[in-house]
Amino acid sequence: MADPQSVLGLSRPDWAGEDVAMLYDMASRFLTEEIAPHYEAFEKAEIFDRASWEKAGAAGLLCASMPEDHGGAGGTYAHESAIIEAISHVGVDGFGIALHNAIVAPYILHYGSEEQKQRWLPKLASGELIGAIAMTEPGAGSDLQGVKTRAEKDGNHYRLNGSKTFITNGQLANLVIVVAKTDPSQGAKGTSLIVVETDEAEGFERGRNLDKIGLKSNDTSELFFNDVRVPTANLLGHEEGQGFVQLMQQLPQERLLIGAQAIAMIERALAVTIDYVKERKAFGQKVIDFQNTQFKLAELKTEATVGRVFYNDCVARHLAGNLDTATASMVKYWLTDLQCKVVDECLQLHGGYGYMNEYPIARMYRDARVQRIYGGTNEIMKLVIARTL
Ligand SMILES: Cc1cc2nc3c(=O)[nH]c(=O)nc-3n(C[C@H](O)[C@H](O)[C@H](O)COP(=O)(O)OP(=O)(O)OC[C@H]3O[C@@H](n4cnc5c(N)ncnc54)[C@H](O)[C@@H]3O)c2cc1C
């Protein structure tokens, strides 16, 4: 296959220095050799095995941006981006590392006490703990203020009651950050983030591993909390009621990483499609020789290039500490819309073979769709952007 990383022919941005490039190469090799051969089995089983997580930990792919004295590799978001891009370039998109590394671990790093960081981050880095974040409920998705899960103080514990759904890594996760109301009378200001170590949590139950149209190998699940006793020491932050502010502060990185997944899949879709149309013949000529094919791919490559430049610029801003939520919402919304368009057009250029699951473009088509929905729907992204007009 053509190299997805060089399909656009752009030079590396400043933030992707030698160490980031080396990490990308190492991650690609690991994913190609250790994960890709089993990926079909994970897709069929609709779940990864724990061994893959532990192998990823041993290879240094978990918690790349966490400090070294907490078990991480001491990198930045640039290193996380290299790993996320490698996952999509290799085509093992259901491996839930992006959420574990770049969403769950940062909550603990930014809001956890020293004791919490020492207790959880090294195990997240080794793969002994697999992370999840449980915000969404059957009755509250876009409108997170409507969360009903309740954490009621009872001495030095909380009693946690509620149901969550659509939780990425939900079957495997043993460290779950739960969004709960500690004071329902306070609305958003009564929301807190509470870490549940599920291995020891009586009353915690996993519901269905949900049957999705794509990202089959990820164990997106329901979670139930029935009077689960969680030590008050598992609250993230110094006091209750900080949950909403904490969620808002982490949004730029969460949206940016969905942009990383989008641009990387776009590059892979172009790479496999360019290969395909150079091989496939119709009417006595190669499909690439039809002017329609050339024009379509020229358009897609142009849009992908615009998208990549925008993504790279957003990473540079994020590393400098000034990526605002509205711009991060633009990168999430625009790149995921573009991803679905590019993958659809690339599938079309494969003809009937594009609809066959044995061709990678078919899986990309199924996997791409959710990108416009999770991490805040693209409609919610537009609301955020519109507030800046
Ligand atoms: C595969 C997958 C993985 C996920 N992983 C996680 C996870 O790990 N953790 C987690 O907590 N959640 C997760 N989610 C949940 C995801 O974030 C939500 O599905 C998403 O935020 C939308 O919420 P909802 O499904 O309740 O849709 P709703 O909020 O019911 O939205 C329905 C429609 O109404 C639109 N809409 C809603 N409000 C407005 C508005 N104000 N203006 C205009 N349009 C509006 C939406 O854009 C959408 O089109 C995941 C979802 C999926 C599918």
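These notebook entries record what I looked up in a predicted model.

As the model is predicted, local features need pLDDT of at least 70 and side-chain atom pairs count only at pLDDT 80 or more, while totals for chains, interfaces and linings use all residues. I take helices (H or I, at least four residues) and strands (E, at least two) as DSSP runs, numbered from the N terminus.

**Record.** I checked two UniProt annotations, with positions in the numbering used here and feature names shortened; such annotations may be inferred rather than shown by experiment. An unreviewed entry lists "domain: Acyl-CoA dehydrogenase/oxidase N-terminal" at residues 18–128. I found that span to be 71% helix and 0% strand, with its end C-alpha atoms 29 Å apart. The annotation "domain: Acyl-CoA oxidase/dehydrogenase middle", also from an unreviewed entry, covers residues 132–228. There I read 0% helix and 48% strand, and the end C-alpha atoms lie 17 Å apart.

**Helix H6.** I looked at residues 243–279, which form H6, a helix of 37 residues. From first C-alpha to last it reaches 53 Å, close to the expected 54 Å; the expected span is 1.5 Å times one less than the number of residues. H6 bends by about 45 degrees at Leu251, and the proline Pro252 follows within four residues. I take the bend as the angle between axes fitted to the seven residues ending at a position and the seven starting there. I count 30 of the 37 residues of H6 as buried (under 20% relative accessible area; exposed is over 50%, partly exposed in between; 1.4 Å probe, protein chains only).

**Helix H4.** I then turned to residues 97–111, the 15 residues of H4, whose end C-alpha atoms are 20 Å apart, in agreement with the 21 Å that they should span. H4 has a kink of about 30 degrees at Ala105, shortly before the proline Pro106. In H4, 14 of the 15 residues are buried.

**Packing around H6.** I fitted axes as lines to C-alpha atoms, for helices over the stretch in contact, with angles from 0 to 180 degrees between N-to-C directions. The axes of H4 and H6 come within 10 Å and cross at roughly 160 degrees. That makes H4 roughly antiparallel to H6 (over 145 degrees; under 35 is roughly parallel, 65 to 115 roughly perpendicular, the rest oblique). I noted the H4 and H6 crossing as right-handed; a crossing is right-handed if the near helix is turned clockwise from the far one by less than a right angle, and left-handed if anticlockwise. H7 (residues 291–319) packs against H6 at about 155 degrees with the axes 10 Å apart, so the two are roughly antiparallel. The crossing of H6 and H7 is left-handed. For H9 (residues 360–368), I read an approach of its axis and that of H6 within 10 Å and a crossing at roughly 155 degrees. H6 and H9 are therefore roughly antiparallel, and H6 passes H9 in a left-handed crossing.

Which phi does Asp227 have? I read a positive value of about 55 degrees, although Asp227 is not a glycine. Asp227 lies in strand E7 (residues 221–231) and is partly exposed at 41% relative accessibility. Phe283 is a residue other than glycine with a positive phi, near 50 degrees. I placed Phe283 in the loop between strands E8 (281–282) and E9 (285–286), and Phe283 is exposed with a relative accessible area of 81%.

Terms used
Residues numbered from 1 in each chain as written. Heavy atoms only, no water.
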